[in-house]
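Please open the model in your viewer and keep the sequence panel beside it. The stops below take you from single side chains to a wider group of residues.

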Amino acid sequence: MQNGRNRFASGKCTALRFALAWVFVCTLLFPAQGAERLLIDFDQVALTEDGAIPDWYGKEFATGLVLTAEPSAVSEGRLGLYGYLEATPGGNRRAMIQWMLPEDMRDWTQIKGLLVDFYNPNDKDLRMGFAIQTGESWTWQEIAPVRLAPGWTKDIYYPFDQPVWKSASTGWSYVLPPFDLEDVRGINFLVVAFEDGSYEFALD
């Protein structure tokens with residue numbers, strides 16, 4: 001992921017860039033200088049002994065996550081995060097990819113938003129939602145999903161300073177900015193298929 005952007009500007013930061021494929025390229029944006037900070041570099045991730053990716057989880061109908069060097073699934077660097085979704089008749093067509101943030105990465109108060117590049121290698125549209133979990137209660141806060149055609153969709157922007165988020169406290173209406181950004185404990189990508197079938201996706 002974006003090795004050339006793995007840096008901070010002094011002072012406030014402008015955005016997080018990330019890469020999911022389904023490939024994502026994610027970058028944090030910091031408002032004062034318009035600087036960017038790399039959220040995660042999969043090239044630097046050390047797998048566990050059983051081959052798992054630390055702190056990353058495929059939930060619901062995600063059937064697996066692996067690191068891949070496949071060029072089409074990597075936006076920058078050598079490796080990307082690749083996943084699979086099995087959408088079955090009568091079942092949930094959603095895969096949730098969750099990352100549990102380490103304590104030293106939880107303060108997002110100076111972050112203006114998140115930029116994501118998404119790669120859909122399938123021949124059908126997908127939909128992607130994004131949510132954060134904050135505070136000791138892991139409060140779920142979600143922004144409206146976007147529809148994604150096959151191929152790359154660049155610079156999807158999730159703002160943290162605009163009233164376009166929903167949670168239990170808003171009655172699940174998109175009317176407030178996210179809160180408790182000093183303690184962001186989890187981020188979640190919700191990838192949804194419109195039809196039954198097998199799908200692939202990637203993060204970078």
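In this tour, buried means under 20% relative accessible area, exposed means over 50%, and partly exposed lies in between, as computed with a 1.4 Å probe on protein chains only. The model is predicted, and local features need pLDDT of at least 70, side-chain atom pairs count only at pLDDT 80 or more, and totals for chains, interfaces and linings use all residues. Residues are numbered from 1 along each chain as its sequence is written, and side-chain values use heavy atoms, with hydrogens and water left out.

Select Glu86 to begin, a residue of strand 6 (residues 80-87), where a strand is a DSSP run of E with at least two residues, numbered from the N terminus. Glu86 counts as partly exposed because its relative accessible area is 34%. Tyr199 is 113 residues from Glu86 along the chain, yet their C-alpha atoms are separated by 6.4 Å.

Asn122 counts as buried because its relative accessibility is 14%. Its side chain makes a polar contact of 2.8 Å with the side chain of Asn120, and the side chain of Asn122 also reaches the backbone oxygen of Glu200 at 3.0 Å.

Key:
A polar contact is a pair of N or O atoms within 3.5 Å; within protein, one must be able to donate a hydrogen and the other to accept it, and residues adjacent in sequence count only if both atoms are side-chain atoms. Helices (H or I, at least four residues) and strands (E, at least two) are DSSP runs, numbered from the N terminus.
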